[in-house]
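Here are my notes on this one, jotted down while going through it. Have the viewer open as you read.

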Amino acid sequence: MTPDKQGGWFSRTEKGIVTETKDKKEVKDGLWYKCPKCREIITTEDHEKNLNVCPICGHHERIATKKYFELMFDNNQFTELAANIYSADPLNFTDTQPYKERIVKTMKKTGLKDAMTVAVGEVNGYGLVVAAMNFEFIGGSMGAVVGEKIARAADYSLEHRIPLMIMSKSGGARMMEAAISLMQLAKTSAKLNRLSEAKIPYISFCLDPTTGGTTASYAMLGDVNLAEPGALIGFAGPRVIRDTVGHDLPEGFQRSEFVLEHGFLDMIIERKDIKEKLGQLLKMFAS
Amino acid sequence: MILLEFEEPIAKLQEQLDKAIEIAEQADVDMSATIEELEHRIREKRREIYANLTPWQRVQVSRHPERPYTLRYMQALTEGDFAELHGDRNVKDDKAMVGGFGTINGETFMLIGQQKGENTKMRTYRNFGMANPEGYRKALRLMKLAEKFNKPIVTLIDTPGAYPGMEAEERGQGEAIARNIYEMLNLKVPVIVVIIGEGASGGALGIGVGDRVLMMENTWYSVISPESCSSILWRSWDFKQQAATALKLTATDMLELKLIDEIIKEPLGGAHTNPREAYDAVKAAILKHHAELKALDPVKRMDIRMDKYIAMGVYNED
């Protein structure tokens, strides 16, 4: 029997790498996690226990909204708001596939309705409305649903006089809703104006990545702007900038630490400290 | 006049017309009937072509190299009574964003817009109409100045986008645009926005929030250019025509989607064929809308503006 017929752990049925690049990073089903930054290998279990942060270099792996709610809200108790809004395909848009189909497929794959989940709960005893973006839903792109969910979140904040936090995790506006998604920048800003008039705190929390239309609207408009370490935060994407300037970008360019140094962030908060730091800020605003 | 590829049939007639004029001049023959006939045929051909422009062709007209740019409008609208103001008071004076006070029909307005260069040297000087953060901050400074002295604001949009450079990122391009959008929503003076050329994404919206948003007939406004959309969604640069159609970026589409308030008609063949006519049409539209807006209470006007944007968006709900 030749070695590759033995069914050994190293045998493969197909030649070459078949995993699509986009799927590569998210795969965490195995027993081992290899940090993309320092290449250290630890067990998935240990990695998850450490809130998906590499214990060696501190690299914050992207995590789902559900996990943020878990680590933030007291006893993981929260109520989801505006849960039944979903995309309407107002432009009847088709690229390589109809937008309608893309939406249905993405809903099925992610179990989410769109790129935004809104919930209200308490953080260390202080009420907080959280509108958190879902990157796994078409790159966390902002269309009319994201805009409307932010509007509803702000309305809830206004009505109950509870601070609002938006957690951005987005590649920008959703192309398949074209100018309608562009106008969500203005729509959400109008709602933030209303909050401001009512003197209700608005916290922007930038996660990896926060780019495009998100950065050009609510992500940069917080009374305080926060971020996780190492998150990509910028208006233009690194590829576009590289093509414009014609050379590679320096290490750390457009990362949280860089953005803070240039004066656009108030604080960088490690994942394990989110609850405590948020609680502290909410206390400051409240007392 | 530079003709676009789809204007090819006009080019042939134009050639014949030029020849007829030449013969008339040189041989001293009466060619007036022929010339008139050819002129008529050019007009008819142009009418035929322009009645059926595809979205991508509109994009091409909006970028026509002879199309009048912002400062031309500012000069024409104010009949030369225009005082350009400079600088954001922080970093520098962005040449891709211009603005200043000007009088239209005896009333002072603040005029602001992106500026493209008219020749190779000026195109670089104006950074192809792509503003840096200081451009947006200069625009905001001028808007606040207008508000302080209760002057209405007119913005003229013509940009392929905000500049995607390293320094732009360092100085907060996203924050600058976000701040403008936010602040423009609560300006206490009337704000009229006119898209006179290209309305590309956040770079356009950064001076594009207003009580009234008007688009000239041969302009486009969307979240991304058809070329970039093609490259991202189709993973190739070859689908710009399809992308232009899919994005619903023409003035007619935008009016149907209720994202703009009015279309300003251009002279047949585009604003560059008869700039005077284009300036007059823009001026008439500005004056009409200003008269309506001026009559409103400032706070009420602001509320209407905010509610207009809050209502934008189509979605389903179970």
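The points below take the interface, the salt bridges and the cavities in turn.

1. Ground rules. This is a predicted model, so local features need pLDDT of at least 70 and side-chain atom pairs count only at pLDDT 80 or more, while totals for chains, interfaces and linings use all residues. Residues are numbered from 1 along each chain as its sequence is written, chains are lettered from A in the order in which they are written, and side-chain values use heavy atoms, with hydrogens and water left out.

2. How much is buried between the chains? About 4,700 Å² between chain A and chain B, with carbon and sulfur atoms giving 71% of that. (Buried area is the accessible area, with a 1.4 Å probe, that two parts lose on being put together, summed over both.) On the chain A side, A:M175, A:M183 and A:F235 supply 14% of what chain A buries against chain B, more than any other three residues.

3. Who takes part. Chain A puts 57 residues into the contact and chain B puts in 50, contact meaning heavy atoms within 4.5 Å. The rule also finds 19 residue pairs in polar contact across this interface, both residues at pLDDT 80 or more. (A polar contact is a pair of N or O atoms within 3.5 Å; within protein, one must be able to donate a hydrogen and the other to accept it, and residues adjacent in sequence count only if both atoms are side-chain atoms.) On the side of chain A that touches chain B, α6(A) gives the most, with 18 residues. (Helices here are DSSP runs of H or I, at least four residues, and strands are runs of E, at least two, numbered from the N terminus.)

4. Salt bridges. B:D303 pairs with A:R194, with the closest N and O atoms 3.2 Å apart. Inside chain A, A:K49 and A:E45 meet at 3.8 Å, N to O; they are separated by about one helical turn because they sit 4 residues apart in helix α2 (residues 44–49).

5. Cavities. There are 2 of 30 Å³ or more, a cavity being a set of points on a 1 Å grid over the protein atoms alone where a 1.4 Å probe fits but cannot get out, with lining residues having an atom within 4 Å of a point. Of its 15 lining residues, A:I233, A:G234, A:V259, B:E169 and B:G172 are the closest to its centre. The largest share of that lining, 3 residues, comes from α8(B).

Definitions and conventions:
1 Å grid on protein atoms, 1.4 Å probe; cavity = no way out; pocket = protein on both sides within 12 Å on 5 of 7 lines; lining within 4 Å. Points joined across faces, edges and corners; volume = space filled by probe spheres on them. Salt bridge = Lys/Arg side-chain N within 4 Å of Asp/Glu carboxyl O.
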